[in-house]
Amino acid sequence: MNKKGISKFRIDLKPTQILVLGFLFLIIVGAILLNLPIATNDGNSIGFIDALFTSTSAVCVTGLVVVNTLEYWSMFGKIVIIILIQIGGLGFMTFATTFFIIMGRKIRLKERLIIQEALNQYSLSGMVRLTKNVLLGTLLIEGIGAVLLSIRFVPKDGAYGIFKAIFHSISAFCNAGFDIVGDSSLSPFIGDIIINITIMLLIILGGLGFTVWIDILRVLKQKFENKWNLKSTFRKFTLHTKIVLVLTFSLIVIGFVFFFILETTNPDTLGNLSMKNKILGSLFQAVTPRTAGFNTMPLADMTHGSKFMTIILMFIGGSPAGTAGGVKTVTMGVIILTVISGIRGKERTEAFERTIPEDIIKRALAVITIGITVVITVTMILSVTETGSFMDILFESVSAFATVGLTLGLTGSLTTIGKIVICITMFIGRLGPLTMAVALSMRARSKASMKKPDEKVMVG
């Protein structure tokens, strides 16, 4: 067969499709390793479906588990899980690029395109440098987090406390929510200031997004050189950073006030605690749905209002180009700004004296629409296959899609079909609904299109 005949069988994958296949390969490898008898404490295989569920949850940095991570998995199993979380949180292309650099291999254009898609960037310039900065910054932050957590874990657990601190630092920064404390997540530490503040800061830093880090460092460097005040410093940020910071701060404050008001008199959650612990518990609950999966209060005992607020925070999630899931803060921000502009009768969507391009608005609308569709579909399927209240099922569906890991207790009783559905949902949520839609679409984008005639329709 000549070269022309062979080329017909060559598969030309798009960057989004390579990302999907890369994560899928990582999940399968993780499932095979976790299915080995050496991965469990009792020496028995967990079964491929449960191994696949755990691997998917780790790679997709979700935190939903069908067994107690502390008690069930051996040290080998825990190490596999934390490696999957680290690779899944930063993206396999980050590690692949680092390996290529170490081996002295040149990063080609196609690999740069995949990195661009993985890190949600609009420009190809500086992809390799960005990858290096992301990896070094991550290791630095996780290292500091592990040192701080060791202050509490080492006196209690000795040398094992070091591993425990590293595990939780990586899990928190990657917004994974896996813990090796017990069957009540971080509830034993609800009043511990060091544990709470460290975990919350790791969650927030991981959820801000790598591009926001770089922009903040750039502006802070200029601030010290030019001695700007706070207002002038904020103006120097990019529009993306401004929206991320404003929405992140706003959602944390709104969530904190909401949970404090609704749970401070609830005897099953915060009602019987001291004022300090009520404040820490409310603040932690405002941070963790974005999208870490740890909890310091019993979620099933929260009021219905708190559960629904948690669902909203989970669905929004963190920010683009970070370790968090959800539809992302900027996506929701663009939609809100567009609605406000429409109410005010403006033709363009504006924020901080800048105009947001129409293609960004369409992308945001597509992400929100696909996200809602996925959640509705999964909720309907689980309503048929699982036994549980509607709130439990909706909570589980949003938690899986937003890769949060919080649950009201449904995960442990999922049927085989339910586990597979949740696995698919976590996978879609980690890659992003729009990325998955583009990856599954085999139609090439047309290079040119003729504008069709305008015709108005009635809306509202």
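Biologist: Which side chain does glutamate 358 meet in a salt bridge?
Modeller: The side chain of glutamate 358 pairs with that of lysine 362 at 3.7 Å, N to O, where a salt bridge is a side-chain nitrogen of Lys or Arg within 4 Å of a carboxyl oxygen of Asp or Glu. This is a predicted model, in which local features need pLDDT of at least 70 and side-chain atom pairs count only at pLDDT 80 or more, while totals for chains, interfaces and linings use all residues. Residues are numbered from 1 along each chain as its sequence is written, and side-chain values use heavy atoms, with hydrogens and water left out.
Biologist: How are glutamate 358 and lysine 362 placed in helix α17?
Modeller: They are separated by about one helical turn, because they lie 4 residues apart in helix α17 (residues 358-385); helices are DSSP runs of H or I with at least four residues, numbered from the N terminus.
Biologist: Are glutamate 358 and lysine 362 buried or exposed?
Modeller: Both are exposed, meaning over 50% relative accessible area, whereas buried means under 20% and partly exposed lies in between (1.4 Å probe, protein chains only).
Biologist: New topic: how many salt bridges are there in the whole structure?
Modeller: The search finds 6, and one of them joins the side chains of lysine 419 and aspartate 50 at 2.6 Å, N to O. That pair links distant parts of the chain, with lysine 419 in helix α19 (residues 416-431) and aspartate 50 in helix α3 (residues 48-59), 369 residues apart.
Biologist: And are lysine 419 and aspartate 50 buried or exposed?
Modeller: Both lysine 419 and aspartate 50 are buried.

Conventions
Helices (H or I, at least four residues) and strands (E, at least two) are DSSP runs, numbered from the N terminus.
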